[in-house]
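Reader: Could you go through this structure with me? I'd like to start with how the strands pair.

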Amino acid sequence: MNHAAPEPRIPRMIGSMPVIDVSAWLAGEPGALERIAGELRYACEQVGFYFLTGHGIPQAAIDRVMAAAKRFHDQPLEEKMKLKVNQETVGYLPMKGSTTRTSKVNLNTKPNLNEAFFLKRESEEEATRLGRPPGHRNQWPENLPGFREDTLAYMGMMEELGRQLVPVYARALGMPAHHFDAAFARPGMTLRLSHYPHTEVLEDNEFGLAPHTDGNFATFLPPNPVSGLAIRLKDGGWFEVPYMEGAFVVNTGDILAHWSNDVFVSTPHRAVNRSGEERYAMPFFLNANPQTVVECLPSCQGPDRPPKYETMTVEAYSAWFQRTNYPHLQKEKAA
C-alpha cells in the first residue's frame, strides 16, 4: 500500500494560527483521515501550533480542572510546600522554581514568574514500578474535596483524545496510520496546573515562562480567556495567540520534531501575564511510552535530508530536558 504523505492542505486560519476540526475523524467519516492529515501537515510544518476544534472534551470537565488549579494555588504557601516537587517532577513547584535553559532563541537567565503543580499517570502499575503503594505516585492535597477525582478524570479524557489523534500524525508524516500505536498504547502524560500572577512590569529577560520548546510529543492547552501565550513565527516575529472559544491550542514538542527530522517544527513560545487578572493554565503534555526508541522516520530522511538527531529513548530525552530546566533536579544529581 502506498503510504505517501498527503499533500499539505491550508486549513482555516485565525491570524497566523491554523484551525483544525477533527470531529469528522473522531466520528469515523470516510476520507476524513487523509483530509485532516493534510491540514495537520501544513500546521506542523509551517507553524508548529494550531487550534483544535471538534475534540469532544466537555467544557464542564475543563472548567472543573481550571477551578481545581485556582483552588490549589489559592492555598497558603505552607500548605502547597507540603507537596513540594520531587525527583520525578511530581508535586508543587514554587514561584521562580524553574529557569528555562533549553531555549533555542533566547538566553534565559532569570527564573520563571509562575508556580505549578504537576500530576502524572496514577496507576497501580506505575506505583509498583516506583516502589510505592498502589495509587501513590502523585502527591495530593488533603483539604480540596473533588480535586483528585476531577483532575484524574480530565487526564483520562485527554489521554484518550491523544491516542485518537496519533494516527492522524502518523499519516501526516507519510507513515501508516497505525505506526505510532505501540508507542502510545500506554503513553506518558503530565498535567501541569500553572498560575501566572499579573505582572505589569518585567525586568529585562524576565517572563512568566521564558521562550522555550516543549520536550514531549504534543501539548494540549485548553481554551483560556485570560491571554498571555505568544509563539515565535518562522520570520522571527512573535504572535500573540488569541482566545478561541472551545478550542485547544496544540503544539509540536521536541520528541515529535526529532522523530520527524524537524519536518514538524517544535516552535518556541513564551507566556507573560499583563492581562490585569490572575492567569491559570493547565497544559497537558502527551508523550510516547518512556521506553520508546525515537529514531528518524524513513519518510522524513533521504540523501538530501540525513537524520539530524541521535537515536535515544523518550525517557532519556525527558530526563535531560527536565534536569536542564529544573534546579531541584540539578541539585539532586550533584548530591
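Reader: Which residue of β5 is the bridge partner of Gly91?

Author: In this predicted model, Gly91 has Phe118 as its bridge partner in β5, where strands are DSSP runs of E of at least two residues, numbered from the N terminus. Strand β4 (residues 91–93) pairs with β5 in the antiparallel sense over three bridges, and pairing requires that DSSP finds at least two bridges between two strands.

Reader: And how many bridges join β5 to β6?

Author: Six bridges join them, again antiparallel, with β6 covering residues 188–196; Glu115, for instance, is bridged to His195.

Reader: Are the faces of β5 covered or open?

Author: Both are covered, with Glu115, Phe117 and Leu119 buried on one side and Ala116, Phe118 and Lys120 on the other, where buried means under 20% relative accessible area with a 1.4 Å probe, protein chains only.

Reader: How much of the chain is buried?

Author: Buried residues make up 57% of the 335 residues.

Reader: What does the secondary structure come to?

Author: The chain has nine helices, which are runs of H or I of at least four residues, and 16 strands. Its radius of gyration, taken over C-alpha atoms, is 19 Å, close to the 20 Å from the globule rule (2.2 Å times the number of residues to the power 0.38), so the chain is as compact as a globular protein of that length.

Reader: Anything on numbering and confidence?

Author: Residues are numbered from 1 along each chain as its sequence is written. Local features need pLDDT of at least 70 and side-chain atom pairs 80 or more, while totals for chains, interfaces and linings use all residues, and side-chain values use heavy atoms, leaving out hydrogens and water.

Notes
Buried < 20%, exposed > 50% of the residue type's maximum accessible area, 1.4 Å probe, protein only.
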